Amino acid sequence: MNRLLGVAVLCAALTSCTAEIPGPPPKPVPTTSPRIDKPRNVSAFDPCKALPTDGSQWFLKPPTVPPAIENPGVCGYTFGTLKVHVSIDEFEYDEVKKSNPNGHQGEIDGHTTWFACDTDASTLDCGVWAAVGYARTLTITTQDPRADESWLLRMRTMLVTHVLDRLPKSS
């Protein structure tokens, strides 16, 4: 009988050690990893087919110059005074933040996204980078001598949303 009583006391003691302590929940641990809710299959990505060229999207008229590869894997588009470059780059998202420290972070369609602009006397040069996979970043840069930063922010948001919608999800 004493053995059973000893086992019961031991079980009660162990149970009390594992009981939850009332109080506020612990704070989440911040992470530096980018959020990629829907990893994308970028193996067949053609940057010169990433944006519409037929005027089918309300925010883009047909390009004034046909899209063309400017560097390996980078396609250049010209829509009037707006110049756009699209590519999938093989670098970590965190490298973008280091290279563009004056930017800000957002999220588009489950992808951590970095927005940044540089300006000189003649033009506003802005970019948006979205993490789409391990060491894969969708890069869209825009330049327009007649635009302001808020207009280019809206344009970059629409462009990156358009391209992400067309990138197939990884299986």
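C126 is buried, at a relative accessible area of 1%; buried here means under 20%, exposed over 50%, and partly exposed in between, with a 1.4 Å probe and protein chains only. Before I continue, note that this is a predicted model, in which local features need pLDDT of at least 70 and side-chain atom pairs count only at pLDDT 80 or more, while totals for chains, interfaces and linings use all residues. Residues are numbered from 1 along each chain as its sequence is written, and side-chain values use heavy atoms, with hydrogens and water left out.

Let me stay with the cysteines. C126 is joined to C117 by a disulfide, S to S 1.9 Å, the term denoting a pair of cysteine sulfur atoms within 2.5 Å. C117 is also buried, with a relative accessible area of 18%. This disulfide is right-handed because the torsion about its S-S bond is about 110 degrees.

The structure holds 2 disulfides, and the other one joins C48 to C75 at an S to S distance of 2.1 Å. That pair links distant parts of the chain, 27 residues apart: C48 sits in the loop between α1 (2-18) and β1 (65-71), and C75 in strand β2 (residues 74-79). Helices (H or I, at least four residues) and strands (E, at least two) are DSSP runs numbered from the N terminus. The link of C48 and C75 is right-handed, with 105 degrees about the S-S bond, and C75 is buried at 0%. Counting bonded cysteines along the chain, the pattern is 1-2, 3-4.

I turn now to S170, in the segment after α3 (149-166). Leaving aside residues up to four places away in sequence, S170 touches P39, R40 and N41, contact meaning heavy atoms within 4.5 Å. The side chain of S170 reaches the backbone nitrogen of N41 at 3.4 Å. S170 and G133, 37 residues apart in sequence, are 9.1 Å apart in space, C-alpha to C-alpha.

A pocket is an open set of points on a 1 Å grid over the protein atoms alone, where a 1.4 Å probe fits, with protein on both sides within 12 Å along at least five of seven lines; lining residues have an atom within 4 Å of a point. The second largest pocket has a volume of about 160 Å³, and the largest about 200 Å³. Of the 13 residues that line the largest pocket, K61, F79, G80, T81 and L82 are the closest to its centre.

Terms used: Grid points are joined across faces, edges and corners, and a volume is the space filled by probe spheres set on the points. A polar contact is a pair of N or O atoms within 3.5 Å; within protein, one must be able to donate a hydrogen and the other to accept it, and residues adjacent in sequence count only if both atoms are side-chain atoms.
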